[in-house]
Amino acid sequence: MAHLFAHARIDADRRTPLANGIGQPLLPGAQAWAAAVIAPDPTCARCLIALAAFGWAGQVDEMALAEMAGVSVRSVQRHRPHLVRAELVAFTPVPVKSDNGRNLGSKPHRYTLLSQFPAPRLTGAAWDQAPAQAASIIDRVRWFTTTSRDERSLAIRSVTWFLRNGWPERALLIALDHTEDRQAYAPGGYLAKILRKLPVEYILPAEEVVTQRTAPHVVDCPICKTPFRTTLTGHPLCGGGFCLEAGADSLPAAPIFKIA
Ligand SMILES: [Zn+2]
Ligand SMILES: [Zn+2]
């Protein structure tokens, strides 16, 4: 078991075999993906593979990650921004609140492994439906309670722009409704301020790109010829921006997986 794990044949849950039956395309686990991806530097690669051992997304403290990666906590801290800049991982703080809403510091950040691929822009009917979808998002933002029609239609227009640029509804709602502050002073201005902080493009989670069983079209990876499902346009490879098979040859050595 430890051997298979070391070679990323089995994912962190130790149950998921990579090849899942006849006629199914290979659905690699998070670690196989992390091992194949091109990280900014070798330490980043170790941290990414170690992080992937905890799954496509989750919560892990720096000590546990450092131990898994076989590097120091300082290295984990130093290389974290590299992985963020490379659009391989996103971190979100998890605040700990007391009963009366006071901030009591924070738990380990939540992480999501990212594919480096921006979501494709909307086209056709989805493009046309974006304003209605934006209106329904605005209606669900708890603190956005404005009486001015102008302010509301301006907000809808801004959100429409993000939707058409590939941002999923759920991600926008999380970004906008993250605060329960229902007395936002000048909600229109506050909304604009949040939207200005969002990246223009929505980088797809790695899990979505790698395991899109229900994605609309099947293409062959130009390198390994493996068929895979994708929503990406252009000429994606089986791992999104790279070939999972080609990267699998250069798996890093076993010490990284000493917990297994
Ligand atoms: Zn680095
Ligand atoms: Zn491939």
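## Ground rules

Residues count from 1 along each chain as its sequence is written, while chains are lettered from A and ligands numbered from 1 in the order in which they are written. Because the model is predicted, local features need pLDDT of at least 70 and side-chain atom pairs count only at pLDDT 80 or more, whereas totals for chains, interfaces and linings use all residues; side-chain values use heavy atoms, leaving out hydrogens and water.

Helices (H or I, at least four residues) and strands (E, at least two) are DSSP runs, numbered from the N terminus.

Let's begin with the zinc ion (ligand 1). Its protein donors are Asp41 (OD), Cys44 (SG), His79 (ND1) and His82 (ND1), at 2.0 to 2.2 Å. Donors here are N, O and S atoms within 2.8 Å of the metal (3.2 Å for Na, K and Ca); water is not among the atoms, so sites may look incomplete. The 4 donor atoms make angles of 102 to 117 degrees, and the site is tetrahedral (four donors, with all angles between 85 and 135 degrees).

Along the sequence, the donor residues follow the spacing D-x2-C-x34-H-x2-H. His79 and His82 both sit in helix H5 (residues 73-85), and because they are 3 residues apart, about one helical turn separates them.

## The four-cysteine zinc site

The zinc ion (ligand 2) has Cys221 (SG), Cys224 (SG), Cys238 (SG) and Cys243 (SG) as its protein donors, 2.3 to 2.4 Å away. Angles of 106 to 115 degrees among the 4 donor atoms make this arrangement tetrahedral.

The donor spacing reads C-x2-C-x13-C-x4-C. Within it, Cys224 and Cys238 link distant parts of the chain, 14 residues apart. Cys224 belongs to the loop between strand E5 (217-220) and strand E6 (227-230), and Cys238 to the loop between E6 and helix H11 (244-248).

## H7 and its two partners

Two packed helices are described by the angle between their axes and the distance between the axes. The axes are lines fitted to C-alpha atoms, for helices over the stretch in contact, with angles from 0 to 180 degrees between N-to-C directions.

Helix H6 (residues 124-140) packs on helix H7 (residues 149-164) at about 125 degrees, with the axes 8 Å apart. The two are therefore oblique (under 35 degrees is roughly parallel, over 145 roughly antiparallel, 65 to 115 roughly perpendicular and the rest oblique). Contact residues (heavy atoms within 4.5 Å) include Trp127 and Ile138 of H6 and Ile156 and Leu163 of H7. H7 also packs against helix H8 (residues 169-176), at an angle of about 135 degrees and with axes 10 Å apart, so H7 and H8 are oblique too. Here Val159, Phe162 and Leu163 of H7 touch Glu169, Leu172 and Leu176 of H8.

## H3 against H4

Helix H3 (residues 42-52) and helix H4 (residues 62-69) have axes that come within 8 Å and cross at roughly 110 degrees. That makes H3 roughly perpendicular to H4. At this contact, Arg46, Cys47, Ala50 and Leu51 of H3 meet Leu65, Met68 and Ala69 of H4.

Notes:
Four donors count as tetrahedral if all angles lie between 85 and 135 degrees; four count as square planar and six as octahedral if opposite donors are over 155 degrees apart and all others between 65 and 115; anything else is irregular.
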